[in-house]
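Please read them with the coordinates open.

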Amino acid sequence: MVKTSWISAVVFLAAAGGAAAPDEAPNVFESPAPATPAGELDRIVFAKLSSLGIRPVLCSDAVFVRRAYLDVIGTLPTVQEAREFIQDPDTKNKRRKLIDRLLERDEFADYWAMKWGDVLRIKAEFPVNLWPNAAQAYHRWVRSSIAENKPYDKFVRELLTSSGSNFRVGPVNFYRAVQNKTPEGIATAVALTFMGSRAESWPKDRLAGMTVFFSQIGYKPTGEWKEEHVFWDPLHSSTMPGNTVPGRAAISTVGQAAEGAPKTAAAPPAAPPADPGPQTAVFPDGTKIQLPPDRDPREVFADWLMTPKNPWLARSIANRVWAWLLGRGIIHEPDDIREDNPPGNPELLAYLEKELVASRYDLKHLYRLILNSSTYQLTSMPRSKTPEAEANFASYSLRRLDAEVLIDAINKITGASDLYTSPIPEPFTYIPNDMPAIAIADGSITSPFLALFGRSARATGMENERDNKPVPAQWLHMLNSSHIQRKLEQGPKLKAIFDSGRKPDEIVEELYLTILSRFPTADEVKAAEEYNRPAAAGKAVPVAQAGKGAKSGKFAKSAKPPQPAKRATVRRRDDWVDIAWALINSTEFLYRH
């Protein structure tokens, strides 16, 4: 049951105004500076907004610093970082400089490896069963590629064409992470991941033509448990009887050992099948090609996909990155590109594609272009709630924090940590206490909190696998769980603030900068001080001030309040905990805005 003092904190939350409802304090959340185009991107967007009769409004510095940290590195700014940015007088350059700093932080690679982990299905256990060694190798390769800012076309080529051990060559796990390892299943995964298209809706002949490029992939086991080699196998030798590790059962299907088969000596090698001769494949644009016998068809497909004139690769990733940063794709959903789902702003998408290709697929160039735009820096408080306004990015999209980002934020605020576990008893699944959730490599390693708050199952690689829509169980957990209560009451970082001996207004300021990354308004400081003020003898005290001794919903006569002398001299620590609890349960904290 919720404690009486915690119920009373809700009164404080309502009185605080801006903490609960940003639209009640626009001076805190919006900039008085006019929203002017910062470049061609904004010119395109603002022209569309003008035709809709919408005047764009910029967000404040306090909103921007929190937004940029969460969107770029998945981490809240520290008190010092937030304070210095907000107070920095260089209004012309400080946002650009902050973006440049964030793009070089270690957390940038951690956070974006998490995002790509969803798309690439990096998970050791069901349903893809990569195994911990392979999941770690896969994640390590993805993270290092992001950290070195590997060109996106090179990143995709390595995923499509790599061969070798799944424990030692990270990108080959792309083929092992596909549940349906038939050529058609692999082609479907390739279309979804790198073309942003759901091939299930394609005409059958288009998908059939593309599957030929992935019809010569072999999976061969080794002497190490769960290790497999992925390789170009034009003669399909990996399915031949006898092609097994000595002492292992024969292969019954591609990449799968016969379940329950006795450990017997391998069957004698069978003669390789005859060369099937030239094969005809068809690219998704309808172009036919005779596959050369001396070249891996995956490389042929990669060459076609990387051609600058081919719109699929640049369009897909430009639209996906825009959706990741703005909350909605120019083509929505970002992995549902098709002829009858056109972009909301074709000129904008074409511009981003052109910029990406011109930069030689430098994704950081694309991030900078979007993050520095006035469009990205618009307020989250919409002036129009029409579908047209939403589709044309008239305001920044409100989104609940990802499960990993949310628990990391709570732990960073309180100084606490969480226990992450895996169903696989392997040393690769050990997670140190100080590791943030965004840095966890393996999707099988989880916690009750991550599961409750919609972490991606990493089963299909689709964006909608991650569910950030709030449900009642999540609200109840934040409001009334011992898990969150312990962090607030026992977390060393909050304890240090509460026990610092500073003036009440200084503690309020520290709490707001710690939790909401902004300074409190005068009304918010007053509301917090009123809630935290000891009750005077003989005075009728509202619930919000009476604490645990009050009767819910009524005024309490405190002729003899509990421990009056103590409350007169020492501000109750529980009251500060209540205020912190109210702030982390606010929409302002739980959402990107």
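1. What does the accessible surface of the chain come to, and what share of it belongs to carbon and sulfur atoms? In this predicted model, the figure is about 25700 Å², and carbon and sulfur atoms hold 55% of that surface.

2. On overall make-up, 28 helices and 13 strands are assigned in the chain. Of its 593 residues, 55% are buried. Among contacts with a separation of 6 or more, 69% join residues 24 or more positions apart.

3. The largest nonpolar core contains 156 residues. Those with the most contacts inside this core are Phe214, Phe301, Leu305, Leu352, Leu511 and Phe589. Helix α14, residues 311-326, gives the most to the core, with 10 residues.

4. Beyond its neighbours within four places in sequence, Phe301 is in contact with Leu160, Val190, Met195, Met210, Phe213, Phe214, Phe283 and Pro284. One of these, Phe214, is also listed with Phe301 among the core residues with the most contacts.

5. The second largest pocket has a volume of about 820 Å³. It is lined by 28 residues, and the closest to its centre are Gly327, Arg399, Glu463, Arg466 and Asn468. Elements giving two or more residues to the lining are α7 (106-120), α14, β10 (399-400) and β13 (591-592). Helix α7 supplies the largest share, 4 residues.

6. Which classes make up the lining of the second largest pocket? There are 13 charged, 9 nonpolar and 6 polar residues.

Terms used:
Residues numbered from 1 in each chain as written. Predicted model: local features only at pLDDT ≥ 70, side-chain atom pairs only at ≥ 80, totals over all residues. Heavy atoms only, no water. Buried < 20%, exposed > 50% of the residue type's maximum accessible area, 1.4 Å probe, protein only. Contact = heavy atoms within 4.5 Å. Areas by Shrake-Rupley, 256 points an atom, 1.4 Å probe, with all protein chains shown as cover. Core = buried A, V, L, I, M, F, W, Y, C linked by side-chain atoms within 4.5 Å. 1 Å grid on protein atoms, 1.4 Å probe; cavity = no way out; pocket = protein on both sides within 12 Å on 5 of 7 lines; lining within 4 Å. Points joined across faces, edges and corners; volume = space filled by probe spheres on them. Nonpolar A, V, L, I, M, F, W, Y, C, P; charged D, E, K, R; others polar.
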